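Please look over the sequence and the structure shown here before reading the briefing that follows.

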Amino acid sequence: MYSPHETKLFIECPTKWRLSKQWEPVGEWSPKFIYGLAVGKAFEVWLPEAFKGELSLDSAFEEADKIIDEGWVENDAWTVDALRIVIRKGIVSATKSTIAGWLKQEQFVSVEDRLGKGEFEKGAARMDLITKRDGVYIVTDHKVKLRSRADYVEKDLLASEHEWQFWDYAWRVSQYYNTGPLIYRVHIGVLTPTPKWYEHETKIPLELLQRWAEGAKDKWDEIRLAYDNPDAALPMHLPNCTTRYGKCEFFNFCHVCQLDEKKAEALYNRKVKA
């Protein structure tokens with residue numbers, strides 16, 4: 001079993017999966033490196049208390065500030081104070097809109113649950129939030145964008161119904177909690193110019209989830225084979241080289257440098273092994 005992030009990356013393109021383990025593009029710092037982490041950490045510490053009725057946002061702001069301070073790099077486009085204000089406004093907006101409804105209708109189960117015990121130890125997946133409503137488990141995943149057109153957000157919400165990551169989450173929860181049909185909820189926040197949050201729920205029947213799991217095991221076997229044969233050539237999934245979001249981050253590595261590592265050193269940094 002492998003994490004949903006790793007499996008999704010392998011499905012997207014096996015070549016990208018391997019390159020991403022060894023290389024990273026040379027580029028300038030961007031606030032995208034920290035705003036999602038900051039908001040996510042704020043929700044992680046605040047939600048358990050909020051479900052108990054403790055609604056002060058002081059702890060949420062404090063945790064978000066830690067992420068900002070640790071990840072901040074001086075640049076010409078942003079000031080740290082401006083980013084801090086944008087993130088705080090986004091947090092407040094969520095607590096007064098989407099999350100306010102959850103607090104009234106749902107029961108808290110866990111936040112940042114890795115389901116990492118026993119068979120889940122390898123390739124554990126981290127669940128942002130698990131709640132229950134009318135006895136049905138709901139798995140929520142937060143996603144944060146600095147800016148986005150409303151129609152793009154709508155497409156992302158609908159696309160979540162068939163995202164590998166979310167079916168993986170649902171399957172793990174169904175196994176761990178031995179539950180019946182459950183709901184996956186994607187929760188998307190757009191921080192600027194005015195913060196706004198969107199949510200979309202998908203009910204997943206157990207029969208389909210079992211069919212998904214059968215295919216997932218085959219895909220995990222493919223990943224295991226790729227690990228066991230690190231020098232073997234992997235296929236390129238060309239339809240994903242360019243998407244509506246732009247070119248793949250390894251487009252130049254493959255199509256410009258033609259997988260030549262010497263040529264790629266001008267555009268990519270080799271990752272340092274921990």
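Two residues are in contact when heavy atoms of theirs lie within 4.5 Å. Among contacts in the chain between residues at least 6 apart in sequence, 70% join residues at least 24 apart. This is a predicted model, in which local features need pLDDT of at least 70 and side-chain atom pairs count only at pLDDT 80 or more, while totals for chains, interfaces and linings use all residues. Residues are numbered from 1 along each chain as its sequence is written, and side-chain values use heavy atoms, with hydrogens and water left out.

**Overall build**
- The chain holds eleven helices and nine strands, which are DSSP runs numbered from the N terminus (helices: H or I, at least four residues; strands: E, at least two).
- Because its radius of gyration, taken over C-alpha atoms, is 20 Å and thus close to the 19 Å from the globule rule for 274 residues (2.2 Å times the number of residues to the power 0.38), the chain is as compact as a globular protein of that length.
- Along the principal axes, the C-alpha atoms fill a box of roughly 55 × 50 × 35 Å.

**Burial**
- Of the 274 residues in the chain, 46% are buried, where buried means under 20% relative accessible area, exposed over 50% and partly exposed in between, with a 1.4 Å probe and protein chains only.

**Ser3**
- Ser3 lies in the segment before helix 1 (4-12), and Ser3 counts as buried because its relative accessibility is 18%.
- The side chain of Ser3 reaches the backbone nitrogen of Glu6 at 3.1 Å.

How values were computed
A polar contact is a pair of N or O atoms within 3.5 Å; within protein, one must be able to donate a hydrogen and the other to accept it, and residues adjacent in sequence count only if both atoms are side-chain atoms.
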